[in-house]
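Here is a short briefing on a protein structure. It covers strands, cores and a ligand site.

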Amino acid sequence: MNQSNAPIQIKPKDYKSAIKPVWCPGCGDFAVLNAITKALAFLELPKEDVALISGIGCSSRIAAYTSVYGFHGVHGRALALAAGLKAAREDLTVLVAGGDGDGLSIGGNHFIHACRRNMDMTYIIMDNRVYGMTKGQASPTTAPDWGDSKLTPGGTGIRPFQPAGLALSAGASFIARGFTGDPNGLARMLVAAIEHPGFSFIQVLSPCPTFRPEQMNWKHHVQAFEEETSSDPLLAAQRIQADDGMSTGIIYQEDVPVFQPGNGGAPGDAVRFESEFEI
Amino acid sequence: MNLTQKITSLDTFLAYSIALEEEAADRHDELADMLDVHNNPGVAATFRKLAHYSRLHAQEIRDHSKGRSLPVIAPWDFDWENMEGPETADIGAVNYLMNTAQALQIAMGNEQRAHDFYYQFSQQSQDPEIRAMAGEFAEEEKEHLDLLKMWMDSTDESVDEQVYDPDPAHMPE
Ligand SMILES: Cc1ncc(C[n+]2csc(CCOP(=O)(O)OP(=O)(O)O)c2C)c(N)n1
Ligand code: SF4
């Protein structure tokens with residue numbers, strides 16, 4: 001029990017917008033929204049110092065439901081937008097969010113490069129192993145034998161991505177897996193991710209009760225990793241491979257130089273670029 | 001060690017009690033919003049009312065705490081038996097077709113768990129002040145439960161009702 005006497009001034013609710021989420025009742029994404037607002041309140045970050053960038057999908061609607069700066073972007077391009085924003089406004093706390101389809105199908109290339117680029121931002125993939133918004137097609141994290149979509153009768157037959165393993169091999173410096181059934185644990189994980197200097201990635205197991213109703217049983221399968229966070233990529237890789245994809249915790253964290261255009265030789269004075277494009 | 005042994009000061013017990021009620025109120029509001037958006041105003045109003053009651057109870061506990069300096073505890077540092085407070089409704093328990101009786105059934109489960117939480121402290125805490133306060137709160141939760149039972153008896157809906165939607169909003173493709 002960690003009890004500090006410093007009063008928390010800002011309430012999680014202060015980070016919610018007046019727009020009511022249109023997510024289906026019971027959707028895991030509600031818990032992600034709650035965890036983000038709890039983390040921001042804990043860190044007492046002024047709203048105007050935070051931006052939440054998202055792509056397209058049910059999960060990507062999240063940007064509209066917070067009161068921080070938001071950009072509901074283009075499908076699969078949330079990380080590209082976020083990189084541009086961070087390059088221009090290093091002072092902002094940049095959060096990026098979306099689904100497994102948005103981040104690992106159409107946005108897969110941006111994902112691996114964001115991992116290795118290591119700009120200081122936090123990326124949340126709400127993984128429900130389905131395309132929710134387009135009515136239930138298989139995504140890159142769907143099991144090969146899931147055959148509930150007419151588009152893939154009998155299943156895709158294709159091995160799914162392991163988002164944590166992918167992030168590790170692409171060079172991410174902070175990798176965690178959370179679960180919406182534990183919104184408070186997820187909030188704590190988000191605090192650690194936001195505080196991490198560099199690219200922090202959280203895969204959140206976020207059930208879609210509408211197209212994957214069986215995921216409502218995840219609460220009986222999810223458990224915390226027994227091991228501590230590792231800074232050794234080999235150990236982290238072993239943990240990821242040995243796991244069934246349902247263990248939660250911060251898997252890997254390492255201090256790596258943070259990339260910021262203008263620092264360390266990379267070109268990129270945003271103000272200069274802006275003046276070049278002035279009409 | 002169970003929670004009744006871990007919480008040894010009245011201030012911490014009160015901080016837990018306020019968090020329990022506030023988290024429940026926020027969840028009830030959240031469920032009300034979900035049902036509002038999905039055009040189920042009757043059930044939305046029920047959850048809204050339940051949020052109001054949890055908030056009243058939180059305020060009452062805050063009044064009891066006047067002049068005391070309660071610890072500030074981060075949401076994840078509460079040592080709840082489950083992942084959320086005992087009165088917090090399961091976010092996955094709702095659906096857009098549910099009726100008021102089904103909403104009340106969820107609420108009764110929440111109140112029962114809150115009652116059991118306080119009752120346990122009233123029986124097992126080592127601190128006589130905590131025992132007395134917890135006994136009072138347990139009694140109030142019992143009253144809420146009785147009110148919910150009366151409310152349930154007055155509805156002509158059934159918890160077993162399965163509403164069929166011939167044109168559901170979400171059909172897998
Ligand atoms: C360029 C482009 N291609 C395809 C689509 C159609 N589309 C919208 S959302 C989506 C996938 C959403 O899945 P996911 O990212 O997993 O989010 P979820 O809805 O499950 O939260 C697709 C393919 C689109 N909007 N734009
Ligand atoms: S379709 Fe699935 S992912 Fe989309 S809002 Fe509904 S439950 Fe959530």
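Two strands pair if DSSP finds at least two bridges between them. The model is predicted. In it, strands β6 (residues 174–179) and β9 (residues 247–253) of chain A pair in the antiparallel sense, over 4 bridges.

**Sheet and helix**
- An open sheet of chain A is built from 8 strands, with mixed pairing.
- The strand order is β3-β2-β4-β5-β7-β6-β9-β8.
- At the edges are β3 (69–72) and β8 (223–224) of chain A, each pairing on one side only.
- Arg177(A) stands opposite Gly249(A), a residue in β9(A).
- Helix α6 (residues 183–195) of chain A lies across β4 (93–99), β5 (121–127), β6, β7 (199–205) and β9 of chain A.
- The helix α6 of chain A runs at about 165 degrees to β6(A).

**Nonpolar cores**
- The largest nonpolar core has 56 residues.
- Leu40(A), Ile62(A), Ile202(A) and Phe47(B) have the most contacts inside this core.
- Helix α1 (residues 29–43) of chain A gives the core its largest share, 8 residues.
- Another core, of 31 residues, lies apart from the largest one; among its members are Val96(A), Leu104(A), Phe111(A) and Ile240(A).
- Leaving aside neighbours within four places in sequence, Ile202(A) is in contact with residues including Tyr123(A), Ile125(A), Phe174(A), Leu186(A) and Met189(A).

**Ligand 2**
- Cys24(A), Cys27(A), Cys58(A) and Cys208(A) are among the residues that surround ligand 2.
- Trp23(A), Asn128(A), Gly132(A), Pro209(A), Thr210(A) and Phe211(A) also surround ligand 2.
- By class, the shell around ligand 2 has 7 nonpolar residues, 3 polar residues and no charged residues.

Key: Residues numbered from 1 in each chain as written. Chains lettered and ligands numbered in written order. Predicted model: local features only at pLDDT ≥ 70, side-chain atom pairs only at ≥ 80, totals over all residues. Heavy atoms only, no water. Core = buried A, V, L, I, M, F, W, Y, C linked by side-chain atoms within 4.5 Å. Buried < 20%, exposed > 50% of the residue type's maximum accessible area, 1.4 Å probe, protein only. Helix = DSSP H or I, 4+ residues; strand = E, 2+ residues; numbered from the N terminus. Contact = heavy atoms within 4.5 Å. Near = heavy atom within 4 Å. Nonpolar A, V, L, I, M, F, W, Y, C, P; charged D, E, K, R; others polar. Axes fitted to C-alpha atoms, helices over the stretch in contact; angles between N-to-C directions.
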